[in-house]
Amino acid sequence: MLFNGKLINNSAQQYMLVTASYWAFTLTDGALRMLVILYFHQLDYSPLEVASLFLLYEFCGVITNLVGGWLAAHMGLNATLHYGLVLQVLALCMLLVKPEYLSVIYVMLAQAVSGIAKDLNKMSAKSSIKLLLPSHAQGKLYQWVALLTGSKNTLKGVGFFLGAMLLTMVGFRGAVALMAVCLLLVLLLSYLMLQKDLGKTAYKPKFTDIFSKSSAVNYLSAARFFLFGSRDIWFVIALPVYLQAQLHWDYMQVGALLAIWVIAYGFVQSVAPLITGIQRGKIPDGRTAMVWAILLAFSPITIAWFLYQGWQPDTVLIVGLIGFGVIFAINSAVHSYLIVAYAREEGVSLDIGFYYMANALGRLVGTLLSGWVYQLSGLIACLIVSAAFIITTSIISIALPKQQSVLPIQN
């Protein structure tokens with residue numbers, strides 16, 4: 001049997017190494033985002049100015065995902081994963097300058113480096129899973145993808161809280177320096193232990209191959225654009241600024257709420273296969289993605305309605321965040337599995353890179369709209385635009401392949 005016990009153990013070990021590296025990166029990424037939002041809002045930056053600090057971050061993510069898959073096919077996933085860690089250390093070091101040098105343009109450039117780093121790391125981690133499992137192990141693939149994605153988001157939530165806590169305890173520069181040192185240690189360990197030829201193949205794609213030729217990947221990428229745009233439109237800038245400016249929450253309260261939400265969101269992603277029926281042999285398809293997107297659309301509409309009616313905003317937002325987070329997590333987990341399943345064995349990083357390019361573009365548009373719409377019309381308007389994006393996601397999902405959704409369960 002090609003996929004024997006020895007290979008399974010080796011694959012599991014490599015999977016854990018990739019996951020651990022991704023975890024460490026995610027902690028610094030989440031903490032840095034919270035540090036930047038809270039620190040620069042404290043300096044009286046407007047919501048749109050705070051949002052602008054992340055524009056190059058998201059834009060560079062778009063470009064990185066588009067070409068990163070091509071680079072990985074030529075250099076190997078091991079190399080692109082480590083380059084991502086190196087660039088994140090560099091981005092953190094760029095922010096160690098004196099406060100008077102932290103202009104909007106300079107911070108945007110540092111965030112741009114971080115954006116390149118994040119998407120090199122993410123694309124490498126997600127692509128490697130496809131190569132560590134045989135093509136027939138779809139149940140196991142779904143579980144591994146869900147675990148990687150869910151654990152990553154749980155730790156991103158921990159990173160939010162960590163960023164707020166470090167800002168309170170050691171200040172902006174102290175927090176950034178500490179994260180840079182820790183991530184450098186992770187980079188050294190990963191370089192020494194990770195399989196050196198991971199992702200290297202004889203297939204060397206042309207540069208024009210960065211654009212997917214698969215209709216399934218293209219439709220899923222379009223759906224992903226609107227799905228993640230819908231979240232960031234109200235969650236990234238509008239919500240933390242609203243909690244600070246309108247409800248007068250302090251740093252720790254804002255950081256704790258967003259951290260707990262993302263931690264719970266990550267946990268739901270990890271167990272999404274159980275929720276969608278993996279124990280009964282059910283594997284997600286296009287219909288699954290469409291149904292969960294329709295359910296998600298009701299969440300921001302309901303939150304906006306209760307806020308408009310004048311209900312206690314703290315309660316509405318906390319309860320609303322729980323409902324939105326659970327359903328969004330399942331949507332995200334289903335999408336994450338589908339792209340790995342749709343991706344070609346040869347050039348897997350190309351299809352996954354193209355898909356995460358759409359993801360990054362959605363985050364870019366969502367981040368910009370979060371600051372702009374909130375500054376013009378407030379949080380309720382952000383929620384309405386979010387609902388419109390989700391409805392668009394559900395419409396696009398109609399075109400995704402509908403296949404036999406019950407397969408033999410992989411042990």
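Here is a short chat about how the terms used for this predicted model apply to its residues.

Me: Before we start, what should I know about the model and the numbering?
Reply: It's a predicted model, so local features need pLDDT of at least 70 and side-chain atom pairs count only at pLDDT 80 or more, while totals for chains, interfaces and linings use all residues. Residues are numbered from 1 along each chain as its sequence is written, and side-chain values use heavy atoms, with hydrogens and water left out.

Me: What makes up the protein chain, helices or strands?
Reply: The chain has 14 helices and 0 strands. Both kinds are DSSP runs numbered from the N terminus: helices are H or I with at least four residues, strands are E with at least two.

Me: Why is Ser394 called buried?
Reply: Buried means under 20% relative accessible area, exposed means over 50%, and partly exposed is in between, with a 1.4 Å probe and protein chains only. Ser394 has 9%, so it counts as buried. You'll find Ser394 in helix α14, residues 379-397.

Me: What does Ser394 touch?
Reply: Leaving aside neighbours within four places in sequence, Ser394 is in contact with Met290, Ala293 and Ile294. Contact here means heavy atoms within 4.5 Å. The C-alpha atoms of Ser394 and Ala223 are 7.4 Å apart, although 171 residues separate the two along the chain.

Me: How much of the whole chain is buried?
Reply: Buried residues make up 60% of the 411 residues. As for contacts with a separation of 6 or more, 87% are between residues 24 or more positions apart.

Me: Why is Leu185 called exposed?
Reply: Leu185 has 52% relative accessibility, so it counts as exposed. Leu185 lies in helix α6, residues 138-193.

Me: What makes the nonpolar surface patch?
Reply: Val181, Leu184, Leu185 and Leu188 make it, and it covers about 370 Å². Patch residues have over 30% relative accessible area and no salt bridge; like charges are joined within 9 Å, and nonpolar side chains (Val, Leu, Ile, Met, Phe, Trp, Tyr) within 5 Å.

Me: How do you know that Asp232 and Arg363 form a salt bridge?
Reply: A salt bridge needs a side-chain nitrogen of Lys or Arg within 4 Å of a carboxyl oxygen of Asp or Glu. The Asp232 and Arg363 side chains meet at 3.6 Å, N to O. That pair links distant parts of the chain, with Asp232 in helix α7 and Arg363 in helix α13, 131 residues apart.

Me: Why are both partners called buried, Asp232 and Arg363?
Reply: Asp232 has a relative accessible area of 0%, so it is buried. Arg363 has 4% relative accessibility, so it counts as buried too.

Me: What other salt bridges are there?
Reply: The whole structure has 4 salt bridges. Among them, Arg231 and Asp232 meet at 2.9 Å, N to O, and Asp285 pairs with Arg287, with the closest N and O atoms 3.7 Å apart. Asp285 has 2% relative accessible area, so it is buried, whereas Arg287 has 45%, so it counts as partly exposed. Salt bridges that share partners join Arg231, Asp232 and Arg363 into one network.

Me: Why is Arg33 called buried?
Reply: Arg33 has a relative accessible area of 5%, so it is buried. Arg33 is found in helix α1. Not counting residues up to four places away in sequence, Arg33 touches Phe54, Tyr57, Glu58, Phe160, Val236 and Arg363.

Me: What makes His248 stand out?
Reply: His248 has a positive phi of about 60° although it is not a glycine. Most residues other than glycine have a negative phi. His248 lies in the loop between α8 (238-245) and α9, and its 63% relative accessibility is why it counts as exposed.

Me: How many cavities of 30 Å³ or more does the structure hold?
Reply: There are 5 of them, and about 170 Å³ of space lies in the largest cavity. Of the 20 residues lining the largest cavity, Tyr22, Lys122, Lys152, Asn153 and Lys156 are the closest to its centre. On a 1 Å grid over the protein atoms alone, a cavity is a set of points where a 1.4 Å probe fits but cannot get out, and lining residues have an atom within 4 Å of a point. Points are joined across faces, edges and corners, and the volume is the space filled by probe spheres set on them.

Key: Areas by Shrake-Rupley, 256 points an atom, 1.4 Å probe, with all protein chains shown as cover. 1 Å grid on protein atoms, 1.4 Å probe; cavity = no way out; pocket = protein on both sides within 12 Å on 5 of 7 lines; lining within 4 Å.
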